[in-house]
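Dear colleague,

Please find below the structure that I am handing over to you. My findings follow it.

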Amino acid sequence: MFQEYDVIVVGAGHAGCEAASAAATMGSSTLLITMNMQTIAQMSCNPAMGGVAKGQIVREIDALGGRSGIISDKTMIQFRMLNRSKGPAMWSPRCQSDRMLFAQEWRDTLESIPNLDIWQDMAVGILVEDNRAVGVKTSMGVEIRSKSVVLTNGTFLNGKIHIGEKTFGGGRTGEKAAHGITEQLVELGFESGRMKTGTPPRVDGRSLDWDKMEEQKGDENPEKFSYTDTPRLTKQRSCYVTYTNEKVHQALRKGFDKSPMFSGRIKGLGPRYCPSVEDKINRFADKDRHQIFVEPEGWNTVEMYINGFSTSLPEDVQYEALRLIPGFKNAKMFRPGYAIEYDFFPPTQLKLTLETHLIEGLFFAGQINGTTGYEEAACQGLIAGINAHNKVKEKEAFVLKRNEAYIGVLIDDLVNKGTDEPYRMFTSRAEFRTLLRQDNADIRLTEKGYDLGLASQSRLDRMIQKREDSEKLIKALKEMKISPDQANGFLESIESASLREKSSYYSILKRPEIELDDIKNLSDEIKTYLSSYDNEVLEQAVIHVKYESYIEKELLMAEKMARFENLNIVANIDYDKLTSISIEARQKLKKMKPQTLGQASRISGVSPADISVLMVHLGR
């Protein structure tokens, strides 16, 4: 019945969709196995993509030729660029999505890929021969063979849902948990753990009093994620902001004795940066209110996502507390919030390609690696799908460095440091964040995507044109000059220092108080010249001019670190013989098998002194 596939992807969430799409687009015969074809690319939690650091990841996925950015653009209902008041390294695109359209667009996309088949079933085991993954076994008793397997099981591995004192199995509300895979992997020698996440109640928007809340509109000139010709928003739906209060907190506290989190029934660790509302009240007892975002689930639905009110308290407690929030006096719930506990596998058991050390040809991506968030999952799926294809086709492994992409930072963190709580990406995790901006992801990564066979020729041509135009504009700004007579009147009117001699527009634009619109006011010549460039090119040039010294500093640091990254560690090194290295470092190095000195230096427990000994041993 089944052919032997090059790649089998288990799970059709954000990681699975990107993995299957990448492998199939690159030319591998690919099978995507999902428990339910009606929930492909389901947004299990909030209906949104992007955000701080996450928006950068979506742009990187797009630049490499992944699909998340395109699908987000086609299905968004609101767009906002976060952190515009800060430097460009912090600017982060975010959109509200139409939940149903997002899932439908992903399914349509997957069904349009010639090399990709879909099978509805539950994978209950992996076929392993000679320590190599050679397929999967399903709950129907079917064995499907392949040359590699990518596991993207999300929250379904032995998933357990908690609402107050009620506990039942499930990977998501209304869907059953997956059993068998964890047990088999542990038997094969893998280490597993438990994590938890949660989701808030969904509410009927017709029952809310919007006048009691603050309206939060999208940007006046909305941008998008993809560097392709995806549509721009011409209309948007607003979100709304309200706040909890002491009465809400008192109502919630009444249910604390029935909270699975406080009673100890939940063993897994939850996300530090997205705590439940009861956890916020408990941890931040000095705060008398917490922000609540009311987010529409789509264009044509009254369902609202109550962001900031994740909870696993009993449904009657949730309902009572909700109705005490301003604007929620007559609120009607569609369904209560809940917590979900699930198995994960510490990612220190992986290579930087996301292939496991123990089983050749077996890849992990998404929440199975201890991450949280659609964007973190999607980028791992993309990298796992690329490397599963490359493994099967005997091509070179694809790894992004920390100075090349947030995706590289995320995977490097996971593999070398591991995580004991759901890992979420932040700009602060990236030491090269001035280089890794959302505006230049195409310049950084499109050529790599093209070489892989994911990004099209038109994408590459578009990126090259943007890069060349930006360089041409920067050169012109340095060469074009203006006299004091022409400039000083305007400069003095905005309280900027007068010129004493002819100066380049480049040097004037470098001033912190000068923006591009100010430059346009200096002369008709520069105004006319700048009008020949589109906004993307103008933005690139302005960022380069204003942050040149920061960019150069980070490039220099990246070059220094690259020296370590280029020093390979021989595969058969016997760490037990290196007695000058600490016992902890030897244990970590044996377990994680770093491929370079750079990777070894970032492993928790490996000191600079240990690296020095290792360098001497390697003849460096």
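**Findings**

Val537 lies in helix α18 (residues 535–546); helices here are DSSP runs of H or I with at least four residues, strands are runs of E with at least two, and both are numbered from the N terminus. This is a predicted model, in which local features need pLDDT of at least 70 and side-chain atom pairs count only at pLDDT 80 or more, while totals for chains, interfaces and linings use all residues. Residues are numbered from 1 along each chain as its sequence is written, and side-chain values use heavy atoms, with hydrogens and water left out.

Val537 has a relative accessible area of 2% and is therefore buried (under 20%; exposed is over 50% and partly exposed lies in between, with a 1.4 Å probe and protein chains only). Apart from neighbours within four places in sequence, Val537 is in contact (heavy atoms within 4.5 Å) with Lys466, Asp469, Ser470 and Leu473. Val537 and Leu473 are 64 residues apart in sequence, yet their C-alpha atoms are 8.1 Å apart in space.

An open sheet is formed by 5 strands in the order β6-β2-β1-β10-β21, with parallel pairing (two strands pair if DSSP finds at least two bridges between them). β6 (116–120) and β21 (362–364) are at the edges with a single partner strand each, so one side of each has no neighbour in the sheet. Strand β2 (residues 30–34) pairs with β6 in the parallel sense over 5 bridges, and Leu31 has Asp117 in β6 as its bridge partner. Helix α1 (residues 14–26) packs on the sheet, touching β1 (7–10), β2, β6 and β10 (149–151). α10 also packs on the sheet, where it touches β1, β10 and β21.

Elsewhere, strand β11 (residues 160–163) and strand β12 (residues 166–169) run antiparallel and are joined by 4 bridges. The hairpin of β11 and β12 has 2 residues between the strands, and Gly164 takes a positive phi near 60°. Ile163 has Lys166 as its bridge partner in β12.

Yours sincerely

Notes
Axes fitted to C-alpha atoms, helices over the stretch in contact; angles between N-to-C directions.
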